[in-house]
Amino acid sequence: MAVTASPTDVLHSGLAASEPGGEFSSRAAAEAYIGKVCFKQGPPLLIGAELEWLTAQGELSATNSRPDLRVLADALGPHAPRSISPDSPAVPLPGGSRVTIEPGGQIELSSAPFGTAAELCERLRADTMRLRELLESRAIRTFSGAADAVRRPARVLKLPRYRAMERSFAGIGPFGALMMCNTAATQVSVDAGANPAEIAARWHVLHAVGPALLAAFACSPDLHTAPPGEWASQRMRAWQRLDHLRTRPPLLQDRADPITGYARWALDVPLLCVRPRAAPAQSTRNGAAPRNRLAAAPLDRAMASRPNRLRSAPQTPDAADWSAPPGATFADWLCGALDAEIGRRPDRTDLDYHLTTMFPPVRAAGHLEVRYLDAQPGDGWSVPIHVFDALLSSPEIVTEATALAVSTADAWSEAARLGLADPQLRAAAVSLLELATAHAPTPRAVAELAAATDRCRRGRPPGAGDYPTPGEGESGGGA
């Protein structure tokens, strides 16, 4: 798949929700707005992550139901998102992570942003343990799987966003329902960069290393009811087969100027849904007010890892119709071609929402969201956090990583299908992990990355026992 506000959490950047009104005078004005809010400029200081798990009421089995949302809300108490508990304060867990729910009942933690990967991992571990305690109090279990190989896809979250999404994807094939209900990811978010040149370099490296790292962390060979085919990452297969206009990498449009290229691409992506004007502009997909993503001053730069998707109002009846005119793009709406169907022109809140309905491998949301990695077994989610922390730690390392990945930079399909069985992808993955290990800032990170490098060198997908247990190799207050 792949989003409560203090004074500093009022969204004034990232995919900012605007006050009603503010229609765009031209396509150029809309492109300029996208470039401004999707690529916030500032020194790259922060890192965040989002972790997702499959859930079940008891053991995971073909006959076992997904958790009842009322039971789930009761288990989470004040941490429940408003999508399942409209009156919930939706407070973060003690480590700063917020809880959200995906359409099939998957549960996710969206971290607060931190200045070091070590602190991020430490806080996420604490919040993960607390989340499990809360859920187990009501016999709800979490499962570290990137693809549900046991149950048929079934949507339990009844929101008009997902109904419109389900309708739109149903015309393409079975992968829409599978993606929404039966997959889980590990996502890492980093600052965009201090200036256009640095943004371009960081944007480019995140795409260049994508296929090799997708292969390195692919661990979802089975997905229930998926069409026949052997894939290392059935989760990524679902994304790749879903909706090419919405999910393909926009990088090739303009390698030198991703800010302009992303804005052009965004306006030409078909509308997934259209919210009624009366829908609360500040609601998020799971019913909480959106968080501040990036602000100008370091203390205010609350770049959170949660994909900054403005979401539908809490518990809106599933029967509400948010369907968009088939095949129509935001640019069509902007220029007046949809006046008869929709009855109004889009404003900034509409564009903000449209930006949340695009799912490229790397999404610009003020910061940059890496969305192409499978959910990892056990506590293995910390490894990709350390990888991106190290590979983006300096301009020189960014350049070196880009060069190491150049031979596999476009092998997205091969990476999802073959994983580490492809010799070229395996070699690139090992080289990138060796580079990350050499520049990891803590002994803990070095130990985890060295173990991942050895695993990839042997061509083995991630497993729950691959890495040192928390506490081994710790030093300097890091994870």
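Let me start with a group of rings: Phe39, Trp203, Tyr262 and Trp265 make up one aromatic cluster. Rings of Phe, Tyr and Trp (its six-membered ring) pair if their centres lie within 6.5 Å; planes under 30 degrees apart are stacked, over 60 edge-to-face, the rest tilted.

This is a predicted model, where local features need pLDDT of at least 70 and side-chain atom pairs pLDDT 80 or more, while totals for chains, interfaces and linings use all residues. Residues are numbered from 1 along each chain as its sequence is written, and side-chain values use heavy atoms, without hydrogens and water.

The whole structure holds ten aromatic pairs. One of them is Trp203 with Tyr262, edge-to-face, 5.6 Å centre to centre with 90° between the planes. Trp203 lies in helix α6 (residues 196-208) and Tyr262 in helix α10 (residues 258-267), 59 residues apart. Helices are DSSP runs of H or I, at least four residues, and strands are runs of E, at least two, numbered from the N terminus.

Buried means under 20% relative accessible area, exposed over 50%, partly exposed in between, with a 1.4 Å probe and protein chains only.

Last, Leu433 in helix α17 (residues 423-438). At 0% relative accessibility, Leu433 is buried too. Leaving out residues up to four places away in sequence, Leu433 touches Val387, Leu449, Ala452, Thr453 and Cys456, where contact means heavy atoms within 4.5 Å.
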